[in-house]
Amino acid sequence: MDVKATKLGVIIVAGGVGNRMGAEVPKQILEIGGKTILEYTLRAFLDKASDVVVVLPCDQHERWRDICTKRGLVGTHKVCSGGATRFESVKCGLAALGECDLVAVHDGVRPLVSKEMIDRGVAVATETGAAIPIVEAVDSFRVFSEKGFEVIE
């Protein structure tokens, strides 16, 4: 299958509420540089996908619709409600997705996905039937013990 001709469907799962962060709004709605985190994520996929579904909790639909109206994103994607778990939310996204050759599932609060990574994922999935993109850790890790900090590379 030609990668250029592949119809890519994308499900962006953004059902979290950000409890651990302690913010007043869910992480996906937080603004950085004048855009929400979810907006950055969505825009990364818009010119790559034939169909995009954003899965949000019901109580976030109106807020997201308002953001999309202000940012010119109306009509660029579908929105559906998620389930109680990520699995159920992806299932809801699949049900809302149109016909496509491949499906990508991406976390709505991971906005730094590059166009190159998307292209590589589509190419590998087209060739093999599935792909899981990974990014090698470049930072060192530190473990605290009785001896102090130990750097693990």
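Q: Which polar atom does the backbone nitrogen of G98 lie 2.4 Å from?
A: One in the side chain of D51.

Q: What should I know about the model first?
A: This is a predicted model, where local features need pLDDT of at least 70, side-chain atom pairs count only at pLDDT 80 or more, and totals for chains, interfaces and linings use all residues. Residues are numbered from 1 along each chain as its sequence is written, and side-chain values use heavy atoms, with hydrogens and water left out.

Q: Why is D51 called buried?
A: Its relative accessible area is 12%, and buried means under 20% (exposed is over 50%, partly exposed in between; 1.4 Å probe, protein chains only). So D51 counts as buried.

Q: What makes K78 a polar partner of D51?
A: Their side chains are joined by a polar contact of 3.1 Å.

Q: Which residues does D51 touch, leaving out those up to four places away in sequence?
A: L8, G9, V10, K78, A96, L97 and G98. Touching here is contact, meaning heavy atoms within 4.5 Å.

Q: Where does D51 lie?
A: In strand β4, residues 51–56. Strands are DSSP runs of E, at least two residues, and helices are runs of H or I, at least four, numbered from the N terminus.

Key: Polar contact = N/O pair within 3.5 Å; in protein donor to acceptor, adjacent residues only side chain to side chain.
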